[in-house]
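Me: I'm new to reading protein models and would like a close look at one part of this one. Could you walk me through the aromatic rings and what sits around them?

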Amino acid sequence: MTRFEVRGELFKLKEENYKIFSEKLIPNHNDKIIGIRLPILKKFAKEISKKIDVFDYLDNEKIYYHEEILLYGFLTSMLKCDTDKMYYYIEKFSRLIDNWANCDSIASAYKIFSDKNKDKSFDLD
């Protein structure tokens, strides 16, 4: 499945009323919001992770829409890989964050942040 096909699938999940609601919460992003509820987007991320090469998607995705940033974050949180690789993708995701909703919506999805990894930090220059 190509990135354009993934984007097309995202637009199939769109709810116009939710788009209007989200536009009020996230100023200056009206042209970047599709309008997908988070539980639906999380479910989509789980489904799509079984159909695509997630690492390839994360490395090559051209992101424009708010929900694509969220999808990137959810996919990153589901990765099955070593800690260093996970942190690499989390740092890539952190550079995509351009509003409070991108950050707050994904933060709780990361299970990697635990006592055993508390010495890790990010250089976000």
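Reply: Start with Lys32, which lies over the face of Tyr64, 5.7 Å from the ring centre. Keep in mind as you look that this is a predicted model.

Now stay with Tyr64 and look at its partner. Tyr64 and Tyr65 make an aromatic pair of the edge-to-face kind, with 4.9 Å from centre to centre and 90 degrees between the planes. That angle is why the pair gets its label, because planes over 60 degrees apart count as edge-to-face. Tyr65 comes out at 18% relative accessibility, so it counts as buried. The cut-off that matters for Tyr65 is 20%, because anything under that is called buried. Bring in Phe11 as well: ring pairs link Phe11, Tyr64 and Tyr65 into a cluster.

Lys85 lies over the face of Phe55, at 4.1 Å from the ring centre.

Back to the rings themselves. How many aromatic pairs does the structure hold? There are six aromatic pairs. One of them joins Tyr18 and Phe21, and it is tilted, with 5.8 Å between the centres and 35 degrees between the planes. Tyr18 and Phe21 sit three residues apart in helix α2 (residues 16–25), so about one helical turn separates them. Tyr18 is buried, with a relative accessible area of 18%, while Phe21 is partly exposed at 43% relative accessibility.

Phe21, Leu25 and Trp100 make a nonpolar surface patch of about 310 Å². Trp100 belongs to helix α7 (residues 100–107), and at 46% relative accessibility Trp100 counts as partly exposed.

For contrast, turn to the inside. In soluble globular proteins, nonpolar side chains tend to be buried together. Here, the largest nonpolar core has 27 residues, and Leu58, Leu71 and Leu75 are the ones with the most contacts inside it. Which helices each supply at least two residues of this core? They are α1 (3–12), α3 (38–49), α4 (54–60), α5 (66–77) and α6 (83–94). Of these, α5 gives the most, with six residues.

Terms used
Residues are numbered from 1 along each chain as its sequence is written. This is a predicted model: local features need pLDDT of at least 70, side-chain atom pairs count only at pLDDT 80 or more; totals for chains, interfaces and linings use all residues. Side-chain values use heavy atoms; hydrogens and water are left out. Rings of Phe, Tyr and Trp (its six-membered ring) pair if their centres lie within 6.5 Å; planes under 30 degrees apart count as stacked, over 60 as edge-to-face and the rest as tilted. Helices (H or I, at least four residues) and strands (E, at least two) are DSSP runs, numbered from the N terminus. Buried means under 20% relative accessible area, exposed over 50%, partly exposed in between (1.4 Å probe, protein chains only). A charge sits over a ring if NZ of Lys or CZ of Arg is within 6 Å of the ring centre and within 35 degrees of the ring normal. Patches are made of residues with over 30% relative accessible area and no salt bridge: like charges are joined within 9 Å, nonpolar side chains (Val, Leu, Ile, Met, Phe, Trp, Tyr) within 5 Å. Accessible areas come from the Shrake-Rupley method with a 1.4 Å probe; for residues, only the protein chains shown count as cover. A salt bridge is a side-chain nitrogen of Lys or Arg within 4 Å of a carboxyl oxygen of Asp or Glu. A nonpolar core is a set of buried Ala, Val, Leu, Ile, Met, Phe, Trp, Tyr and Cys residues joined through side-chain atoms within 4.5 Å.
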